[in-house]
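This briefing concerns the nonpolar cores and the chain interface of the structure shown here.

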Amino acid sequence: MRHIISILMENESGALSRVAGLFSARGYNIESLTVAPTQDPSLSRMTLVTRGSEEIIEQITKQLNKLIDVVKLIDLAESFHIERELMLLKIKTSHDMRDEIRSMADIFRGKIIDVTPNTYIVEMTGTSEKLDAFIAAIDPDSIIEAVRSGPTGISRGEKGLHL
Amino acid sequence: MELSGAQILVQSLIDEGVECIFGYPGGAVLHLYDALFQQDELKHILVRHEQGATHAADGYARATGKPGVVLVTSGPGATNAVTGIATAYMDSIPMVIISGQVSLPVIGSDAFQEVDMIGITRPCVKHNFLVKDVTKLAETIKKAFYVATTGRPGPVVIDVPKDITAPQITVPYKYPEKVSIRSYNPIVTGHKGQIKKAVDLLLSAKKPIIYSGGGVVLGEASKELIEFTHTLGYPITNTLMGLGAYPATDKQFVGMLGMHGTYEANMAMHESDVIIAIGARFDDRVTGKLDLFCPHAKIIHIDVDPASISKTVKVDIPIVGDVKPVLEQMLELIKDSKLKPDSNALALWWNQIRQWQAVNCLEFDRTSPLIKPQYVIEQLHEVTKGDTYVTSDVGQHQMWVAQYYPFDKPRRWINSGGLGTMGFGLPAAIGVKLAFPESDVACVTGDASIQMCIQELSTALQYNTPIKIINLNNRYMGMVRQWQEFSYQSRYSHSYMDTIPEFVKLAEAYGHVGMRVTKPEEVRPALEAAFAMKDRTVFLDVMTDQTENVYPMIEAGKGHHEMKLRVATGTSTDRELA
């Protein structure tokens, strides 16, 4: 099953490699990983998407918790949460396709953030499935570049992951 | 007080209570060694290879319970230390390893003797630190000791760039009395509800067994374990790492369990209905094939490391906490409980266990004209009156000590269990002897293992650490040969060395006493003579039966109830294998 593990960790050099190293050393897989400092600059927030049986996910969370740099973590998949991914898509646009791409981006609530005579860059956020759907709706030959952040997420309600 | 980084490092170790460190100098740590030279509080033991430093510090830590401290230079000094760091990591031994590093401005430029020590050691340390600011040095050292010695202990590396230790730069020094790390809070006491459940299950058991491991030694919980076991009257087995935490000569002890454990311990595990694992981690050498592991048992597991729980074997009642307070909590509940152990069921269970014990799985040929290694260990036990420190290397000889030297006290049995590091025994013995100069220290080894760190014989002379080396010389890598005999139709691929040094001469060349023992009747007098030489390191080169195997054995893919026993005693041959 797919799990989204959200980790609050010390914003120290090497902390990221401790997490990545743990996954490779123990044979767990990482589907995606996003990381950035939080409003408290001494802390980083990492969102990690992985797959595995309940036993493996339990081991992953225990092993992550064991890392000295890890302050706290939650498995977002265990509760109501909101999940978003950011995508930047550079599309080749021949003159007669421009309207179609624009309306497609509108339908998916994307924004065109860069225009050249022959290209658009579309910015889009949403669940990974929505981004997949947009890509599937575009002619694959017209996609020059797709950049995706990997999902990040936050739990709903009053509870939160903080110190 | 203003001190340089080098002075701060030395003074911090002194203020931490460190008495001796094991190390080897080199370019990146010259400032540190200069600071060491100018003081006489902190003793430094110069080894002959950095691996020896780590094993010696490890042996010191295992015997004393205090953290072992290592100082090595950057690059090759650091990489040579890695095997010893990984050895300590696998057995949860508290150590602090200080490695020199090239100066901060040149890190990453492939400078002379530069290696990414933080990256290399990341998977085999509890934590590591790169010091980037001399004003944080003392605090970092305090943190390293705190992390290494609390919770589940382990090695911690501090990588110190050379410019941090430069004598020109001085900063105010104060060693912190306490340190806290917001992301590190080891759990000590157990969850009360879980403990209550565990006690109820334990007291309702018909065929219980206590399975305890190295965590009891590390957690200084031997006294509590003995009281717990005596109160319940249940059989107890120890892992390789747990030997000595419960007295092996006590009648409730059924021997070690696992691959080369006793028949009775493994059968009792297999047939049990309730197991309580105390500071043990269900290692694959203990469990055998997981699908066949203890099919009828409910399992209680006490461990300070939550990640050890249900890692390989799913447990029914996990208790996270230090074994000592948890056992105290349990004992209190057991004494107050209306439930009492089922004495009828227990009598039947003990009766069954006695029948398994009657198989006498550790019997060996006592009439052989060749020296049986088991006999040597039995004699060692008698000569040392069962109360000496014994270190070992890895292989057959290690298992024979575990089987034939009943340890009655914790911290007497010093061996590399998890990583299985050949070369461990000799430097570890030096570490133990430095910690306990008045006690006898024996290093039981083999002709292959001893050669992996034999250069430390020189260290033993320099620091006058008179240890007794008992080399069970079968002219083979015995355990490799045994597996090749069992699983590869005796194709002895590279498990034999054509040239083995004359160990007697080698010992003499290093300034020690060498003795060669070739007949069974010479074993006892030689051991007595060796231990009588209180102030000399003695190398006993004992020529043992080449064909001897470690029995009983659970072969790969088998369960506890499928042990391979010695077919019959008296089958020993006189043939030389090679």
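The points below cover the basis of the values, the interface and the cores.

The model is predicted: local features need pLDDT of at least 70 and side-chain atom pairs count only at pLDDT 80 or more, while totals for chains, interfaces and linings use all residues. Side-chain values use heavy atoms, with hydrogens and water left out.

**Interface of chain A and chain B**

- Contact (heavy atoms within 4.5 Å) joins 19 residues of chain A to 19 residues of chain B.
- The two chains bury about 1,500 Å² between them, 46% of it on carbon and sulfur atoms; this is the accessible area (1.4 Å probe) lost on being put together, summed over both.
- Three salt bridges cross the interface, each defined by a side-chain nitrogen of Lys or Arg within 4 Å of a carboxyl oxygen of Asp or Glu.
- E10(A) forms a salt bridge with R182(B), with the closest N and O atoms 2.7 Å apart.
- α2(A) gives the most to the side of chain A that touches chain B, with five residues.

**Nonpolar cores**

- The largest nonpolar core has 98 residues, and those with the most contacts inside it are F228(B), I278(B), M330(B), I470(B) and L540(B).
- Such a core is a set of buried Ala, Val, Leu, Ile, Met, Phe, Trp, Tyr and Cys residues joined through side-chain atoms within 4.5 Å, where buried means under 20% relative accessible area (1.4 Å probe, protein chains only).
- A second, separate core of 47 residues includes F22(B), V82(B), A86(B) and F424(B).
- Beyond its neighbours within four places in sequence, I470(B) contacts residues including V376(B), L380(B), L527(B) and V542(B).

Methods
Residues numbered from 1 in each chain as written. Chains lettered and ligands numbered in written order. Buried < 20%, exposed > 50% of the residue type's maximum accessible area, 1.4 Å probe, protein only. Helix = DSSP H or I, 4+ residues; strand = E, 2+ residues; numbered from the N terminus.
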